[in-house]
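Hi,

Here is the structure I promised to pass on.

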Amino acid sequence: MDRDKTTTMVVSKIRNGTVIDHIEAGQALNVARILKISPKDKVLIAMNVFSEKYCKKDILKIEDRELKGNEVELIALISPRATINIIRDYEVVEKFEVKIPKRIRGLLRCSNPNCITNSGEPVNGSFTVVMERPLRLRCEYCERFLDEREVIEQLTGREQA
Ligand SMILES: [Zn+2]
């Protein structure tokens, strides 16, 4: 597709909501799943768009929704270069880059069935980020590693090819 046309399509403005830019090419649908996009949501997804910085990127726009902190953390896990733009009345009122946190608490499950966090005790999963690219987490209770593929599967509920 012609580059200029693609760009025009992608930058068309929304009134209120969030634009997630610089999503890793190919990850936009996983981001949509993390955000639990429903058929009622007004969403525009652009995939494999030309990017000055990274060659190719995905973009996702959601109308009438501003992301919460833990949603931003989860997006960072699968797309660490993404930028979040909060739009109000057609203006970008806030713009920031996502950041992979050092610890992730309460959002992921340990894959070790014998881990205390899977024993029915009221203990939430808690992980230390030991590597960002490729993503690698370590359970703070049993030290089992969780890799990027397992994280994406948990977050999206889908097996990765
Ligand atoms: Zn564990």
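Four strands make an open, antiparallel sheet in the order β6-β7-β8-β9; strands (E, at least two residues) and helices (H or I, at least four) are DSSP runs numbered from the N terminus, and two strands pair if DSSP finds at least two bridges between them. The edges are β6 (103-105) and β9 (145-147), each pairing on one side only. On average, neighbouring strands are turned by 30° against each other, direction ignored (axes are lines fitted to C-alpha atoms, for helices over the stretch in contact, with angles from 0 to 180 degrees between N-to-C directions). Helix α4 (148-156) packs on this sheet, touching β8 (136-139) and β9, and its direction makes about 75° with that of β9; contact means heavy atoms within 4.5 Å.

By the way, this is a predicted model: local features need pLDDT of at least 70, side-chain atom pairs count only at pLDDT 80 or more, and totals for chains, interfaces and linings use all residues. Residues are numbered from 1 along each chain as its sequence is written, and side-chain values use heavy atoms, leaving out hydrogens and water.

Now the inside. L77 touches I100, L108 and V151, among others.

Cheers

Methods
Lists of a residue's contacts leave out its neighbours within four places in sequence.
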